[in-house]
Amino acid sequence: MHQFAFVTTCKGRLHHLQQTLPLIVAQAPDEIVVVDYGCPQNSGDWVENNFPDVKVVRVTDDPGFCLPRARNLGAAACQAPWICFIDADIRVGDGLVAWMRKHARERHFYRQAPVDGIRDFEAYGTVLCPRRAFRSVEGYDELFTGWGGEDDDMYDRLSITGLATGHYPAELVDPISHDDSERMAFHEIKQKDLQHCINSFYRAAKLQVMGFHGIRTELTLPVRKELRDAVVSAVMEWGGDEDKPFPNITFQLKSASWMPPPYRLVSKARLLLTMDKPEQI
């Protein structure tokens, strides 16, 4: 029988956690971890006072909020072979854990099933994956900041390693709808679209560089920082001004392979990232 851990994070969302955590507890997964990421409402204290069997991880060294880091810390605090990452604003439906125990298969990770071909973006980050696979791709990339992108980035890397995407029934998770002010409250960049643009370009750059070098898990931290810095600089210079052309982002790639002396096989490429307006129809 598989064992399952739930990892959720909270900063300024105690009013959501008070609705969602009891529903998770009621389904009796093998472990539950709540990451209190400097929550101004002291969500960790509330959890310990009301659900003493739930493990609390506290982050006290970051005035902002880094969801990838919070999830990585939560994953490190549990032992179950399967981890379900779930946001504090996601209500679980009756039978989710039972469905996991019956259907979870190795070499798969599971996302909410699309409805009429469309995924619910509010439940986009709710994923069940094998702990071993999560560790093999080095977890979430903590250079993703702000809203969006960190989940797709990890799904990309899980897929590249050969995991298949499965789906749990859409009705088993029910997001609590809320406005963007809560999503962006603890992020430095308050414009969601601008932040999404940064993360989308960064994700695209990572995939291209990984493909060029034949990397299937994760780029090294110095390479990621170089990519991220270049993307942030270009996007912030543009600033979301539709009347201003988006600057090109260029990376020079080079890779060398062994050949008998005195030769060396060298591959070179120029990666160009840009943004085009769709043609008017």
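Which residues in helix 3 are buried? Hold that one for a moment. This is a predicted model.

Here is the answer. In helix 3, the buried residues are Leu67, Pro68, Ala70, Arg71, Asn72, Gly74 and Ala75. Helix 3 spans residues 67-76, and seven of its ten residues are buried, so the rest of the structure largely encloses it. What sits over them? The cover on the buried residues of helix 3 includes strand 1, strand 2, strand 4, helix 5 (131-136) and helix 6 (150-160).

Seven strands form an open sheet in the order 3-2-1-4-7-6-8. The pairing is mixed. Strand 3 (55-59) and strand 8 (164-168) are the edges, and each of them pairs on one side only. On average, neighbouring strands of this sheet are turned by 25 degrees against each other, ignoring direction.

Start with strand 1 and its partners. Strand 1 covers residues 4-10, and strand 4 covers residues 82-85. The two run parallel, joined by four bridges.

Over to strand 2. Strand 1 and strand 2 run parallel, with six bridges between them. In that pairing, Thr9 has Val35 in strand 2 as its bridge partner. Strand 2 and strand 3 are parallel as well, joined by five bridges. There, Val33 has Lys55 in strand 3 as its bridge partner.

How does the chain cross from strand 2 to strand 3? The path goes through helix 2, and this β-α-β crossover is right-handed. Strand 1, helix 1 and strand 2 also make a right-handed β-α-β unit.

Stay with strand 2 for burial. Seven of the seven residues of strand 2 are buried, so the strand is largely enclosed by the rest of the structure. In a regular strand, side chains alternate between the two faces of the sheet. Which residues of strand 2 lie on each side? Glu31, Val33, Val35 and Tyr37 take one side. Ile32, Val34 and Asp36 take the other. Both faces are covered, and all of these residues are buried.

Now three single residues. His16 first. His16 is in helix 1. Its relative accessible area is 3%, so His16 counts as buried, the cut-off being under 20%. Leaving out residues up to four places away in sequence, His16 touches Ala88, Asp89, Ile176, His178 and Glu182.

Ile83 belongs to strand 4. Ile83 is buried, with a relative accessible area of 0%. Which residues does Ile83 touch, not counting residues up to four places away in sequence? The list is Ala5, Val7, Ala75, Cys78, Val127, Leu128, Cys129 and Arg131. Take Val127 from that list. Ile83 and Val127 are 44 residues apart in sequence, and 8.1 Å apart in space, C-alpha to C-alpha.

Third, Ser136, which is found in helix 5. Buried or partly exposed? Ser136 is partly exposed, with a relative accessible area of 36%. Ser136 and Asp62 are 74 residues apart in sequence and 26 Å apart in space, C-alpha to C-alpha.

Last item: a helix pair. Helix 8 is residues 192-213, and helix 9 is residues 221-238. They pack at an angle of about 145 degrees, with their axes 9 Å apart. The crossing of helix 8 and helix 9 is right-handed.

Who meets whom? Helix 8 brings Leu194, Gln195, Cys197, Ile198, Asn199, Phe201, Tyr202, Ala205, Lys206 and Val209. Helix 9 brings Val223, Arg224, Leu227, Arg228, Val231, Val232, Val235, Met236 and Trp238. How many residues of each class are in the contact of helix 8 with helix 9? There are 14 nonpolar, two polar and three charged residues.

Key. Residues numbered from 1 in each chain as written. Predicted model: local features only at pLDDT ≥ 70, side-chain atom pairs only at ≥ 80, totals over all residues. Heavy atoms only, no water. Pairing = 2+ DSSP bridges. Axes fitted to C-alpha atoms, helices over the stretch in contact; angles between N-to-C directions. Left-handed = near helix turned anticlockwise from the far one by under 90°. Contact = heavy atoms within 4.5 Å. Nonpolar A, V, L, I, M, F, W, Y, C, P; charged D, E, K, R; others polar. Buried < 20%, exposed > 50% of the residue type's maximum accessible area, 1.4 Å probe, protein only. Right-handed = clockwise from strand over helix to strand, strands pointing away.
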